[in-house]
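Please open the structure in your viewer and keep the selection panel at hand. Each stop below says what to select, and then what is there.

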Amino acid sequence: MNFKATNSAARLTAVVIAAAAPDADGAANARERLIEHLAWTLAHFPFRHFAVVGPAGNGGHFSHAQARPIATALRELPSGLFVATGDMPFISTDMVEWLLDHDDPAADAVVPRHAQGIEPLFAIYNPGFLAHLDAALAEPGDALLAALDTSRVRYVETSEGLARSFVRVETEEACARALAGLEKKFGDPSRL
């Protein structure tokens, strides 16, 4: 891990937003193991604090349920946040280091952008973002996107290969397939 990524992680709190649990017991176990995999991935970095919060709400939409944990964490831990969502099982240490390398404490947020859109649930949020997020939470709609529209955001362009790693798993079957793929590639996903 390089010096910039280490310093950035040391000033930030890692927050995993756990995705809404599926109905089937086996899938709930798979989803929990995918969140554990993400936690182990983030554990490679010297984050100031670490939290798992959730549920995230309706997958794929940047709802109030997903924005509230970010606002709460910024209020309680004003040093800044590294946010990742538990429904992105293919987040790797290389991706985390890449985003940490683009950390910009002067921006309200640092958000990856690619041809398919932006990734506000794999991003860095600084204390200046809180006022924008609080204002957006007072209105209907996608609070996280509304707050990004009114704040100083540093968008970081990603490669096409990196963009493919942002795939979300939202169904029970997708969770089980993702877990099986990670176990086939790495053995026990918590050992990454």
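The tour goes from the whole chain to its core, then to ring pairs, strands, salt bridges and a proline.

**Before you select anything**

What you see is a predicted model, in which local features need pLDDT of at least 70 and side-chain atom pairs count only at pLDDT 80 or more, while totals for chains, interfaces and linings use all residues. Residues are numbered from 1 along each chain as its sequence is written, and side-chain values use heavy atoms, with hydrogens and water left out.

**The whole chain**

Show the protein as a cartoon, and you can follow eight helices and seven strands; these are DSSP runs numbered from the N terminus, with helices (H or I) of at least four residues and strands (E) of at least two. Of the 192 residues, 50% are buried, where buried means under 20% relative accessible area, exposed means over 50%, and partly exposed lies in between, with a 1.4 Å probe and protein chains only. Among the contacts with a separation of 6 or more, 77% are between residues 24 or more positions apart, a contact being heavy atoms within 4.5 Å.

**The largest nonpolar core**

Next, select Leu42, Phe47, Phe82, Ile91, Val96, Leu100 and Phe122, which touch the most other members of the largest nonpolar core, a set of 26 residues. A nonpolar core here is a set of buried Ala, Val, Leu, Ile, Met, Phe, Trp, Tyr and Cys residues joined through side-chain atoms within 4.5 Å. Two or more residues of this core come from each of helix H1 (3-11), strand S1 (13-17), helix H2 (25-42), strand S3 (81-85), helix H4 (93-101) and strand S6 (122-125), and the largest share, five residues, comes from H4.

Now centre the view on Phe47: which residues is it in contact with, leaving aside its neighbours within four places in sequence? They are Ala9, Leu12, Thr13, Ala14, Leu42, Phe82, Val96 and Leu100. Apart from this core lies another, of 24 residues, among them Ile70, Tyr125, Leu133 and Ala136.

**Rings and strands**

Select Phe45, Phe47, Phe82, Phe122 and Phe166, which ring pairs link into a cluster. Rings of Phe, Tyr and Trp (its six-membered ring) pair if their centres lie within 6.5 Å, and planes under 30 degrees apart count as stacked, over 60 as edge-to-face and the rest as tilted. The structure holds five aromatic pairs. In one of them, the rings of Phe82 and Phe122 have centres 5.4 Å apart and planes at 85 degrees, so the pair is edge-to-face. Phe82 lies in S3 and Phe122 in S6, so this pair ties together parts that are 40 residues apart in sequence.

**Salt bridges**

Side chains of opposite charge can pair when their charged atoms come close. The structure has four salt bridges, each a side-chain nitrogen of Lys or Arg within 4 Å of a carboxyl oxygen of Asp or Glu.

Select Arg11 and Asp103, whose closest N and O atoms are 2.8 Å apart. Arg11 lies in H1 and Asp103 in the loop between H4 and strand S4 (109-114), so the pair ties together parts that are 92 residues apart in sequence. Are these two residues buried or exposed? Both Arg11 and Asp103 are buried.

Then select Arg152 and Asp108, which meet in a salt bridge at 3.2 Å, N to O. Arg152 is exposed, with a relative accessible area of 54%, whereas Asp108, at 3%, counts as buried.

**Last stop: a proline**

Finally, select Pro69, which is found in helix H3 (residues 64-76) and is buried, with a relative accessible area of 15%. The C-alpha atoms of Pro69 and Val15, 54 residues apart along the chain, are separated by 8.7 Å.
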